[in-house]
Amino acid sequence: MRTIHVIGIGAGDPEQLTLQAVRALRDTDVFFILDKGEVKSDLTGLRRDLLDAHVPEGTYRVVEARDPERDRSAGGAAYSPAVGDWRSARAGIYARLIAEELGEDETGAFLVWGDPALYDSTLAILEEVLASGTVDFAYDVVPGISSVSSLAARHRTGLNRVARPVQITTGRRLAEGFPQGVDDVVVMLDAHQGFRQYAGEDIDIFWGAYLGTPDEILVSGPIAEAAPEIERLRAEARERKGWIMDTYLLRRNPRER
């Protein structure tokens, strides 16, 4: 039976690959990479750099396909259906790649930024492919160092405080309000810099972009002071590279509870 490794490759630093991930890389015959277009071609380049660094040349092949576009204008009630359509389109591509490019006795792999279990769709898409019955395969999952862990390490801070919870959410949900009963909130997938609405509160922010890569940017401090710098750096970086991946931790000071 065909086998698929879903390998978490961390936030971008090739030294953050786990030993388990390296073993899985070296056990792979075919690596499937979905190309997001010229603007994000450096993401494909980073994946290839990882392979060059850890897998002997000539022991594998790379198969690329174009990643389907997602309707990013869909909001409100239309958001979830838009994501569902995009996942289904990806499932069709995955099914074709596995059926046509992977021999029945071979092992393939998808390289996932960060950790496959945290805000990534690969596992759900593979389950959709299996449910369709178009191609059969077994798969396993190799955890990776997420951007959340990398963010905390680079800022030399913990994610939670003593006897207090931490919550991980999205920019879309943060825009609806600061989570109740939580003072430490990690925010991912925030295209609209939702932290700005809390600039009047006593909250610190620990922000990072392109974590683990040569383009890494870090800013921390009270939101009122840090927000303008983050907005400026974020705009400059996005203009320079054409894309940005950032994550941040919001930490409410106790007297605001």
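Arginine 196 and glutamate 231 join their side chains in a salt bridge, with N and O 3.3 Å apart; a salt bridge here is a side-chain nitrogen of Lys or Arg within 4 Å of a carboxyl oxygen of Asp or Glu. This pair links distant parts of the chain, 35 residues apart: arginine 196 lies in the loop between β7 and β8, and glutamate 231 in helix α7 (residues 223-241). The model is predicted, so local features need pLDDT of at least 70 and side-chain atom pairs count only at pLDDT 80 or more, while totals for chains, interfaces and linings use all residues. Residues are numbered from 1 along each chain as its sequence is written, and side-chain values use heavy atoms, leaving out hydrogens and water.

Aspartate 215 and lysine 241 form a salt bridge (3.0 Å, N to O), which connects the loop between β8 and β9 (217-222) with helix α7 across 26 residues. Lysine 241 counts as buried because its relative accessibility is 17%, where buried means under 20% relative accessible area, exposed over 50%, and partly exposed in between (1.4 Å probe, protein chains only). Aspartate 215, at 29%, is partly exposed.

Glutamate 176 and arginine 173 form another salt bridge, their closest N and O atoms 3.2 Å apart, and both residues are exposed. Salt bridges also link Arg164, Asp183, Glu201 and Arg252 in a network. The whole structure has 14 salt bridges.

Leucine 189, in the loop between β7 (184-188) and β8 (203-209), is exposed at 57% relative accessibility.

Methods. Helices (H or I, at least four residues) and strands (E, at least two) are DSSP runs, numbered from the N terminus.
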